[in-house]
Amino acid sequence: MDLSLHNKTALICGSTQGIGLAIAQELALLGATCILMARNKERLQDALATLSTSDGQQHRVAQADFSVAGAVEKAVNEQLQFGPIHILVNNTGGPTAGPITDAAPAQFEAAFFQHIANNQILAQALLPGMKEAGYGRIINVVSTSVKIPLPNLGVSNTIRAAVAGWAKSWANEVGQWGITVNNVLPGFTKTARLDSLIEHTAGANGKEAATVANEMQQAIPARRFGEAAEVAALAAFLATPAAAYINGASIPVDGGRTGAF
């Protein structure tokens, strides 16, 4: 099985913490040169120091705020001056929790820009280099809500489903050039995002956070929350040559929680 990413370059968004950082660490272990993209310069440098350089890689950072128009396009064009980027990991923090009936139209607009628009900007910028290399991997870290919408995440459910549709459309068009587009669907994973969701749910229902967390775990066949590294393992595999015939898929990493085939 060919799992080597030697001489491959990967751009990983939202990679200063949680699942994004874990993916970058796995890709580096497989030999990829990693470009970490996020908005906080200090945290980017801290994250950079955690990446393996055992294959002689020279990892780098790209600072960009995904909520600012033009920031992502400017940052990716600067990075392309160093050469083609073969792997794109779209990973952007989800919208604020809350029922869809309370959501303002502006929330949908902001989420659409941060996720769909920026995904499109990045994918279009990297596409020529992927086509020339005959190798490309676009991996979107989304959510199991793509399969079944989650309670109290109205805006997120809507935007995550839109990302899945975007990804499938791309997969259909670019597969002919050796480029694959897939979605990784994390379940309840131990990250700051999950902590926030637990706190919000506890407050909305007048419960202790520990009680909510326990109830959530009991709904998972594995009876525990996932680790960021467990999600990263799938993303890293999808980036490798071994996954060349997996395209247009949405794959849960959720301990069996999602109630769909």
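Which helices each supply at least two residues of the lining of the second largest pocket? In this predicted model, the two are H6 and helix H7 (residues 209-218). H6 gives the largest share of that lining, four residues. The second largest pocket has a volume of about 260 Å³ and is lined by 15 residues. Nearest its centre lie Pro151, Phe188, Thr201, Met216 and Arg257. By class, nine residues of this lining are nonpolar, three are polar and three are charged.

The largest pocket holds about 1200 Å³ of space. Its lining consists of 44 residues, and Gln17, Thr92, Gly93, Gly94 and Arg193 are the closest to its centre. Two or more lining residues come from each of helix H1 (18-29), S2, H5 and helix H6 (192-205). H6 provides the largest share here as well, with six residues. The lining of the largest pocket divides into 17 nonpolar, 22 polar and five charged residues.

The strands form an open sheet of seven, in the order S3-S2-S1-S4-S5-S6-S7, and their pairing is parallel. From one strand to the next, the twist averages 20°. Within the sheet, strand S4 (residues 87-90) pairs with strand S5 (residues 136-141) over four bridges; Val89 has Ile139 in S5 as its bridge partner.

Helix H5 (residues 154-174) packs on the sheet and touches S4, S5 and strand S6 (179-186). The direction of H5 makes about 160° with that of S6. Helix H2 (residues 41-48) lies across strand S2 (33-38) and S3, and runs at about 160° to S3.

How values were computed
Residues are numbered from 1 along each chain as its sequence is written. This is a predicted model: local features need pLDDT of at least 70, side-chain atom pairs count only at pLDDT 80 or more; totals for chains, interfaces and linings use all residues. Side-chain values use heavy atoms; hydrogens and water are left out. Two strands pair if DSSP finds at least two bridges between them. Axes are lines fitted to C-alpha atoms, for helices over the stretch in contact, and angles run from 0 to 180 degrees between N-to-C directions. Contact means heavy atoms within 4.5 Å. On a 1 Å grid over the protein atoms alone, a cavity is a set of points where a 1.4 Å probe fits but cannot get out, and a pocket is an open set with protein on both sides within 12 Å along at least five of seven lines; lining residues have an atom within 4 Å of a point. Grid points are joined across faces, edges and corners, and a volume is the space filled by probe spheres set on the points. Ala, Val, Leu, Ile, Met, Phe, Trp, Tyr, Cys and Pro count as nonpolar, Asp, Glu, Lys and Arg as charged, and the others, Gly among them, as polar.
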